[in-house]
Amino acid sequence: MTWVEAIVLGIVQGLTEFLPVSSSGHLRITSAIFFDRDAGASFTAVTQLGTEAAVLIYFAKDIWRITRTWLVGIRDKSVRSSLDYRMGWYVIVGSIPIGLFGFLFKDQIKTAGRNLWVVATTLIVFAFVLAFAEYWGRQTRTLQNFRMKDGVVMGFAQAMALVPGVSRSGGTLTAGLLLNLTREAAARYSFLLAIPAVVMSGVFSLGDVFEPSAPGTSVPTVAQTIVATVIAFAIGYAAIAWLLRYVAHHTLYVFVLYRVALGTLVLALLMTGTISAT
C-alpha cells in the first residue's frame, strides 16, 4: 500500500462510515478505481476503529450513563424501568446477529462478498429499500417508545452490512423507519448499536490486516494503518454531528439517489472492463 492510498482510504472511511451509503463499499470501490486493487476487509475493519472512537467520544456521556445504569440495574430492580437500563440490553441483544453471522461467514466476507458486482448491486437494491422506508415510515416513535423487538430487528438489519454495499447505518436507519421511529431516534440507536460490532471486528482483524487476504490485495504498514485510522477518526467525528443535524430536518432521498448513481457507475465500469470485479 502506498501512503497516498492509505490517506485517501482514511478520508473515505471517515466521510462515509456514518452515512447510509456503505463505507466498506466505498473503500472497495475507491481501491478498485484509483489503485487497481483491494485494500481488504481487514484493513476496512481496523480503520473503522477510528470512526468508532469518534462515536465513543461524541456519545461519551450517554455511553457512561447507559453503562452505569445497566450495571446498577443488574442488582437494583428500581432502575430497570429506565430507558438507560433497557437501552443497555437493547444494544447487547441487537449486537448478537452481526456477531453470529460475522463468525459464520467470515471467509465469504473477505472474498466473495467483496466482488464489485455484489457491491454495485446491493448499493442499488438497498437504495430502493431505503426509499420505501423513507416514504412509508410514519416516524411517530422516539427512543422513549423503543422496545426489545425494535433492537432485534435493527440488529439483523445491521448484520446485512457485512456485505459491502448494504451500509451499516443505511440498514439500521431503514429498519428504524419501517418500525416508525423518527430518523433521529433510529440514527442514535444505530450509533450505539455499532459500538460492540465495530470494536470487536476491528480488534479481531488486527492480526490479519498485514497479511494479503487474496491475490491483488494491498498490504499496509503499521504506520499507514495508524495514519488512516486517525484520519478516519477526525473526519468521522465531524460527520456524526452533521448527520444527526441533517436527519432531524431532511429526508434520506439524497442518499438514495447517490447510491443508485454510484452503483450504476460501478456496473458500467465493470461491463466495459474498465475495472475488475475481484
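**Pockets, salt bridges and local features of the predicted model**

The largest pocket is lined by 33 residues, and those nearest its centre are Gly102, Ile109, Leu162, Ser201 and Ser205. A pocket is here an open set of points, on a 1 Å grid over the protein atoms alone, with protein on both sides within 12 Å along at least five of seven lines, and lining residues have an atom within 4 Å of a point. The structure is a predicted model, in which local features need pLDDT of at least 70 and side-chain atom pairs count only at pLDDT 80 or more, whereas totals for chains, interfaces and linings use all residues. Residues are numbered from 1 along each chain as its sequence is written, and side-chain values use heavy atoms, with hydrogens and water left out.

The space in the largest pocket amounts to about 790 Å³, a volume being the space filled by probe spheres set on grid points that are joined across faces, edges and corners. Two or more lining residues come from each of helix 2, helix 3, helix 6 (96-104), helix 7, helix 10 (168-178) and helix 11 (183-205). Helices (H or I, at least four residues) are DSSP runs, numbered from the N terminus. Helix 11 contributes the most to this lining, with six residues. By class, the lining of the largest pocket holds 13 nonpolar, 14 polar and six charged residues. In this division Ala, Val, Leu, Ile, Met, Phe, Trp, Tyr, Cys and Pro count as nonpolar, Asp, Glu, Lys and Arg as charged, and the others, Gly among them, as polar.

The protein has a mean pLDDT of 92, and 98% of its residues reach 70 or more. Confidence is lowest in helix 7 (residues 106-110), with a mean of 79, and highest in helix 13 (residues 253-271), at 97.

Rolling a probe the size of a water molecule over the atoms shows where empty space is left. A cavity is a set of grid points where a 1.4 Å probe fits but cannot get out, and the whole structure contains two cavities of 30 Å³ or more. The largest cavity holds about 110 Å³ of space. Its lining consists of Glu17, Phe18, Glu52, Val55, Arg168, Ser169, Leu173, Ala187, Ser190, Phe191, Ala194 and Leu243. Seven residues of the lining of the largest cavity are nonpolar, two are polar and three are charged.

Charged side chains were then considered. Side chains of opposite charge can pair when their charged atoms come close. With a salt bridge taken as a side-chain nitrogen of Lys or Arg within 4 Å of a carboxyl oxygen of Asp or Glu, the count comes to eleven. One of them joins Asp38 to Arg28, with the closest N and O atoms 3.6 Å apart. Asp38 lies in the loop between helix 2 (23-35) and helix 3 (41-58), while Arg28 is in helix 2, ten residues apart. Asp38 and Arg28 are both buried, that is, under 20% relative accessible area, where exposed means over 50% and partly exposed lies in between (1.4 Å probe, protein chains only). Asp38 also forms a salt bridge with Arg114, at 2.8 Å from N to O. Because Arg114 lies in the loop between helix 7 and helix 8 (116-136) and Asp38 in the loop between helix 2 and helix 3, the pair ties together parts 76 residues apart in sequence. Arg114 is likewise buried.

A further salt bridge pairs Asp150 with Arg141 (2.6 Å, N to O), and both residues are buried.

Asp36, in the loop between helix 2 and helix 3, has a phi of about 55°; its relative accessibility is 64%, so Asp36 counts as exposed. Ser167, in the loop between helix 9 (148-159) and helix 10, has a phi of about 90°. Ser167 is buried, with a relative accessible area of 3%.

Thr225 is placed in helix 12 (residues 222-249) and counts as buried because its relative accessibility is 5%. Leaving out residues up to four places away in sequence, Thr225 touches Phe43, Val46, Phe210 and Pro220, contact meaning heavy atoms within 4.5 Å.

Conventions
pLDDT is the predictor's confidence in each residue, from 0 to 100.
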